[in-house]
Amino acid sequence: MLTLDPLVQASQPDIPMTFPRRRTRPVPVGDVTIGGDQPVVVQSMINEDTLDVAGSVRAIQRLHQMGCEIVRVTVPSLAHAHAVAEIRQQLQKQYKDVPLVADVHHNGMKIALEVAKHVHKVRINPGLYVFEKPKENRTEYTQAEFDEIAEKIRETLAPLVISLREQGKAMRIGVNHGSLSERMLFTYGDTPEGMVESALEFIRICESLDFRNIVISLKASRVPVMLAANRLMVKRMDELGMDYPLHLGVTEAGDGEYGRIKSTTGIGTLLAEGIGDTIRVSLTEAPEKEIPVCYGILQALGLRRTMVEYVACPSCGRTLFNLEEVLHKVRAATSHLTGLNIAVMGCIVNGPGEMADADYGYVGKTPGMISLYRGREEIKKVPEQDGVAELINLIKADGRWVEPHTKGDE
């Protein structure tokens, strides 16, 4: 049986090179839209206590200026809900009307109703929105008990749904694997199915009240659970004729390299399957550290271009210069040229072929000499010490150079 080389396969018309996204309904959140034909939206959440109005305003502004398009704040009490009103007023006065999401948890109806007046979206957790007091020695839920709690949920959720519907605002139904209600745990177990059914129960209440500005999230700290839950959610929504956008994230991913790997594995896998409309990387670090990871995931998949794409070989015995040092110099000089692909390759053996998709190439030619490329075409040979400057001159000659932005330009 003849098997095509992967590069040849990729060029065949019936093998897609992009990731067609699942078709979802557009859900407006302030001046940003999640779903529809819009790019995948980047979100994060501030760490500041929402009662600290000035600190919260500064934190939201910092995130937004970094490219965070929607910012979430925690609202554990009515006092916090009132503080959010002041936060938004200060943002509008000092900066701009950043799309805000209020995070509401335990027995949150009164809090949610108040904060819904002041934000663009309210996030609720089905496992916590109506507290179900655990019953000692319980072995099952009777249908009567199940229905009684379901009705209580409806009574508690309906006022919020109606408020959001009348204001033209949005809701995120955010299910967490670690906080499923006791009723769902007894009925479905600690499973992705329990997460999906928890979300569907709240979706059906919203739909019965003619409210569909809904975003769904199903998060877990374990990547396999997060993947399974989101895939099952898509399957069930397809069966039910639902088209709600999905918010992706691996909750409590931790910090450092492994936290980034977990988040990238979970979020990136689903995006590559066409699933997902907005993302948040949850790191146990300053929120500002999350945004580059989000954009890195989206850029790597070709879903958004927010930075220069660098192609660089891993170095080997053929490398004719200090590849790591040169890559650093090239990046420092060109990282502001959003949208360009720039290759830095150590030798002529693989360089031109492996950088075929790059706009410009910097390739080791012979000891002490560099070849500069425009696409696949070799343009000139220059001494290594002039390589970065001559690369900049080539980009300038093509009219693709812009001067770096500095704080003094603001």
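Residues K329, V330, A333 and T334 of helix α11 meet V388, L391, I392 and I395 of helix α13, where contact means heavy atoms within 4.5 Å and helices are DSSP runs (H or I, at least four residues), as strands are (E, at least two), numbered from the N terminus. By class, this contact has 6 nonpolar, 1 polar and 1 charged residues; Ala, Val, Leu, Ile, Met, Phe, Trp, Tyr, Cys and Pro count as nonpolar, Asp, Glu, Lys and Arg as charged, and the others, Gly among them, as polar. The model is predicted, and local features need pLDDT of at least 70, side-chain atom pairs count only at pLDDT 80 or more, and totals for chains, interfaces and linings use all residues. Residues are numbered from 1 along each chain as its sequence is written, and side-chain values use heavy atoms, with hydrogens and water left out.

Helix α11 spans residues 323-334 and helix α13 residues 387-397; the two pack at an angle of about 35 degrees, with their axes 10 Å apart. Axes are lines fitted to C-alpha atoms, for helices over the stretch in contact, and angles run from 0 to 180 degrees between N-to-C directions. The crossing of α11 and α13 is right-handed, that is, the near helix is turned clockwise from the far one by less than a right angle.

The protein as a whole comprises 13 helices and 15 strands. Its C-alpha atoms fill a box of roughly 80 × 65 × 35 Å along the principal axes. Of its 410 residues, 50% count as buried (under 20% relative accessible area, 1.4 Å probe, protein chains only). Among contacts with a separation of 6 or more, 65% are accounted for by residues 24 or more positions apart.

Helix α9 (residues 256-272) has 17 residues and reaches 24 Å from its first C-alpha to its last, close to the 24 Å expected at 1.5 Å a residue, a span defined as 1.5 Å times one less than the number of residues. Within α9, G259, K262, S263, G266, I267, G268, L270 and L271 are buried. Their cover includes α8 (223-240), β9 (246-248), β10 (278-279) and α10 (290-300). G274, which follows α9, has a positive phi near 85 degrees.

M45 lies in strand β3 (residues 41-45) and is buried, with a relative accessible area of 14%. Beyond its neighbours within four places in sequence, M45 is in contact with L63, R72, V73, T74, D103, R280, P287 and E290. M45 and R280 are 235 residues apart in sequence, yet their C-alpha atoms are 8.6 Å apart in space.
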